[in-house]
Amino acid sequence: MAGKFELVAAEKGGVRIRLLNGAGNILAESGVYRDSAAAASGVTEIREHAATAHIADHSKAPRE
């Protein structure tokens, strides 16, 4: 089953985008958008950038 984007109400107002996998698990959640229209535009931008995005691994602690 394909994943999906969900638009959900943010706790203190506005809307967040959630990316779910096919099993319904949350893979990512966005910051807060002012409304559903802005969040929908955010989904479009995510789709455009995700297709060509590179992975930048910042998970390793810097050496002292």
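Two strands count as paired if DSSP finds at least two bridges between them. In this predicted model, 3 bridges join strand β2 (residues 15-20) to β3. The two strands run antiparallel. The chain holds 1 helix and 3 strands. From the N terminus, the elements follow the pattern β-β-β-α.

**The sheet**
- The 3 strands form an open sheet in the order β1-β2-β3, and the pairing is antiparallel.
- β1 (4-9) and β3 (26-29) are the edge strands.
- Each edge strand has a single partner strand, so one side of each lacks a neighbour in the sheet.
- On average, neighbouring strands of the sheet are turned by 30° against each other, direction ignored.
- Leu 19 sits opposite Ala 28, which lies in β3.

**The helix**
- Helix α1 spans residues 36-50 and packs on the sheet.
- Helix α1 touches β1 and β2.
- The direction of helix α1 makes about 150° with that of β1.

**The chain as a whole**
- The radius of gyration of the chain is 14 Å, whereas a compact globule of 64 residues would have one near 11 Å.
- Along the principal axes, the C-alpha atoms fill a box of roughly 45 × 30 × 25 Å.
- Of the 64 residues in the chain, 16% are buried.
- Among contacts in the chain with a separation of 6 or more, 17% come from residues 24 or more positions apart.
- The chain has an accessible surface of about 5400 Å². Carbon and sulfur atoms account for 52% of that surface.

Conventions: Residues numbered from 1 in each chain as written. Predicted model: local features only at pLDDT ≥ 70, side-chain atom pairs only at ≥ 80, totals over all residues. Heavy atoms only, no water. Helix = DSSP H or I, 4+ residues; strand = E, 2+ residues; numbered from the N terminus. Axes fitted to C-alpha atoms, helices over the stretch in contact; angles between N-to-C directions. Contact = heavy atoms within 4.5 Å. Rg over C-alpha atoms; globule rule 2.2 N^0.38 Å. Buried < 20%, exposed > 50% of the residue type's maximum accessible area, 1.4 Å probe, protein only. Areas by Shrake-Rupley, 256 points an atom, 1.4 Å probe, with all protein chains shown as cover.
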